[in-house]
Amino acid sequence: MSLLYRGTLSGCNYDCVYCPFAKRRDSRATLARDAAEVARFVAWVGAQERPLSVLFTPWGEGMIRRHYQEAITALSGMAHVRQVAIQTNLSGPLAWLEQADRRKVGLWCTYHPSQVRLARFVERCVRLERMGVHFSVGIVALREHFDAIRALRAALPQQHYLWLNAYGRRPPGYYRPDDLAWLDAMDPWFSYSRNPEMSRGKACRAGSEALSVDGDGDVQRCHFLPQRLGNLYTDRLEDMLAEKPCTRLRKCDCYIGYAHRQELPFYDDFGAGVLARIPLRPVPAQG
């Protein structure tokens, strides 16, 4: 069972033009509320017996906040927790990871060329390698990022997978055919982001093997299906689980959604690394 947790936090220290949460600052009250929510969630996980994996998907940047650092450390130390992962821009401190069970930690790291120097970002990736932390690295494939993609690919170890997210607000024809050939060679799974299939009616593990949880403990099948199934803290988890086809009207173009589709290859290709977007086998560097 995988739980995708998203609490109240929405503040970020980066200012990316493609992100609606850029440079939003959370108030002290908001941060205190988020910390209390996270602590309650960690306590709930700690009281369970069934094997669990956790992915934190905050709207903002969580790894700069101590309560997320403490939560990841605590969860990684629980015997029944298989993995704890988080999406991050990798700008925060890393020394705290020495206290975590790094075999269980997975970091989903996004490089933002307008916000950080490549050398700084790569240095932090090298540090994670030395610490034995599992992580993936990726970037939003804007056309103005193409040179940054090439530079990042060249700077990473040859066999380290570089994932690409299609630019979500792109107009028709944004990517030329030669762009697509290059990007698809760089990331073998890029096509699922740039050309998503309709998900309505398709079998998905969301709702039976993966659930979305908010700060109040309310449970949905996934982040993109708002129907409330129950509450983590007042209802039995088993009563919320059901295998049903996807009911989403729009295409599912976000990895945290389509990765759980049963006909897509991510559980086979990524295995235990599916939450942090880490494939089972090395991906040969391209371009």
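First I noted the burial terms: buried means under 20% relative accessible area, exposed means over 50%, and partly exposed is in between (1.4 Å probe, protein chains only). This is a predicted model, where local features need pLDDT of at least 70, side-chain atom pairs count only at pLDDT 80 or more, and totals for chains, interfaces and linings use all residues. Residues are numbered from 1 along each chain as its sequence is written, and side-chain values use heavy atoms, with hydrogens and water left out.

**Entry: burial of a ring pair**

I looked up Trp189, and it is buried, at 12% relative accessible area. Tyr161 is buried too, with 5%. These two form an edge-to-face aromatic pair, with 5.2 Å centre to centre and 85 degrees between the planes. My rule for rings of Phe, Tyr and Trp (its six-membered ring): they pair if their centres lie within 6.5 Å, and planes under 30 degrees apart count as stacked, over 60 as edge-to-face and the rest as tilted. Where do Tyr161 and Trp189 lie? Tyr161 is in the loop between α4 and β6 (162–166) and Trp189 is in the loop between α5 and α6, so the pair ties together parts that are 28 residues apart in sequence. Helices (H or I, at least four residues) and strands (E, at least two) are DSSP runs, numbered from the N terminus.

Next I checked Tyr167 and Tyr174: their ring centres are 5.5 Å apart and their planes are at 50 degrees, so I wrote this pair down as tilted. Both Tyr167 and Tyr174 are buried.

The structure holds 21 aromatic pairs. I also found one aromatic cluster, which includes Tyr161 and Trp189 along with Trp108, Trp163 and Phe270, among others.

**Entry: salt bridges**

How many salt bridges does a search of the whole structure find? I got 17. A salt bridge here is a side-chain nitrogen of Lys or Arg within 4 Å of a carboxyl oxygen of Asp or Glu.

I picked out Arg143 and Asp179, whose side chains meet in a salt bridge at 2.2 Å, N to O. Arg143 lies in the loop between β5 (134–141) and α4 (146–155), while Asp179 lies in helix α5 (residues 177–186), so the pair ties together parts that are 36 residues apart in sequence.

My next pick was Glu263 and Lys202, which meet in a salt bridge at 4.0 Å, N to O. Glu263 sits in the loop between α8 (255–258) and α9 (266–270) and Lys202 in the loop between α6 (191–194) and β7 (210–214), so parts 61 residues apart in sequence are tied together by the pair. Glu263 is partly exposed, at 41% relative accessibility, and Lys202 is partly exposed with 29%.

**Entry: Arg150 and its partners**

Arg150 forms a salt bridge with Asp147, with the closest N and O atoms 3.2 Å apart. Arg150 and Asp147 are three residues apart in helix α4, so about one helical turn separates them. I have Arg150 down as partly exposed at 37% and Asp147 as exposed at 59%.

Arg150 also lies over the face of Trp182, at 4.3 Å from the ring centre. For a charge over a ring, NZ of Lys or CZ of Arg must be within 6 Å of the ring centre and within 35 degrees of the ring normal. I noted another case: the charged end of Arg6 sits over the ring of Trp59, 3.8 Å from its centre.
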